[in-house]
Amino acid sequence: GAMAPARALLINNYDSYAEILAHVIARCEGAMPWVIKNDEVHFSELRAALRTTVTRVVIGPGPGTPGRASDLGVGDALVRSNAAEAREMPIFGVCLGHQALAALAAGGVAERNPRGAVHGRVCGVRHDGESALFDGVPSGGDAGFVATRYHSLAVTACGEEYRARAWAEDDGTIMAIDHRELPRFGVQFHPESVSTTYGDKIYANFMAISDRWWKTRGRAPPSGEAIPRSLGAADEPTTRASIPMTARSRVRLEFNSLDVASSSAFTTEGIFWSLFGGVEGDAGDVARDCFWLDSADESKGRFSFMGARGGSMWRRVRYNLASAPERDADTVEDNGKVCWRVGGASTRRR
């Protein structure tokens, strides 16, 4: 193995937000965390790293359920283990990781959210002020603490080992838990989301708690020694595990740069229709088999992603959703900001 300084470890449960979460960790830690997919290493390898190279662990969000071991992989083994290096390791669970901490503890329950699934909902979060995880974080949306939620499951019982510490103001769902004895914390919301306030502060609090915990153990945290090869190259900070590449990618990035700052003619919608829309008034005016992804809050969104069918890798996915309630418009606005949206926006030119 290679010699490496100790770092935080992020377990990626095959979630698209893992890379963003890694950068939040890096901003707070001053170094990129080790990142592994949950099925890349055996628990015996992880145990060795916990003894030598890992200062704290973040179990990230992901699809699936905490009741299925394969959906958590090595994270499941970590939470269940009674080995000293696992029990002593500070753990921060996000979304699925949060649910796993409760579900794998005595009496804890994570199940389908009785209040329904939420996707991209931003709501106020109140906390009881008793957890160090929220030191310096105000309680409640009116005080400035709001968080972004993406989940269909939720912790509905904390059991004997955990305590509920924060709740969603809109529906009362448990938003944070902490362990009664160990440095283990979970949040249901996404601290890495651009719409979550105090996300970095919450992770920084977890870091401070971890550092204090190691001092109470009478020893310093792991300082960095030989690490399993699969945890990454020691001389190159990276957000991914080091996996040998045996083939060239079939994808090539092609791009054009446009100077749009000097022209009001270039709008996101105008670009979309010029690239993927038909001629106004024609039967083809309705854009088909295309996508346009944006932030709902234009003051915070930096990028728009759009595209359409084409190329050998193009695929169409069909699915059905429950009927949406009737509304007079696709989007309701309040002072220019989107405050409610349901279903898909119209595909006709406005």
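**Charged pairs, one by one**

Modeller: Aspartate 170 is partly exposed, with a relative accessible area of 41%, where partly exposed covers the range between buried (under 20% relative accessible area) and exposed (over 50%), calculated with a 1.4 Å probe on protein chains only. The model is a predicted one, in which local features need pLDDT of at least 70 and side-chain atom pairs count only at pLDDT 80 or more, while totals for chains, interfaces and linings use all residues. Residues are numbered from 1 along each chain as its sequence is written, and side-chain values rest on heavy atoms, with hydrogens and water left out.

The side chain of aspartate 170 meets that of arginine 149 in a salt bridge, at 3.0 Å from N to O; the term stands for a side-chain nitrogen of Lys or Arg within 4 Å of a carboxyl oxygen of Asp or Glu. Because aspartate 170 lies in the loop between β9 (162-168) and β10 (174-179), and arginine 149 in strand β7 (residues 146-151), this pair ties together parts that are 21 residues apart in sequence. Arginine 149, at 0% relative accessibility, counts as buried. Salt bridges with shared partners join Arg121, Arg149, Asp170 and Asp171 into one network. Strands here are DSSP runs of E with at least two residues, and helices are runs of H or I with at least four, numbered from the N terminus.

By the distance rule, the count comes to 15 salt bridges. One of them brings together the side chains of glutamate 85 and arginine 51, with 2.8 Å between N and O. Glutamate 85 belongs to helix α5 (residues 84-87) and arginine 51 to helix α2 (residues 43-52), so this contact ties together parts that are 34 residues apart in sequence. Glutamate 85 counts as buried at 12% relative accessibility, whereas arginine 51, at 48%, counts as partly exposed.

A further pair lies within a single helix: the side chains of arginine 80 and aspartate 76 form a salt bridge of 3.0 Å, N to O, and the two residues, four apart in helix α4 (residues 74-80), are separated by about one helical turn. An α-helix has 3.6 residues a turn, so residues three or four places apart point the same way. Aspartate 76 is buried, with a relative accessible area of 7%, while arginine 80 counts as partly exposed at 49% relative accessibility.
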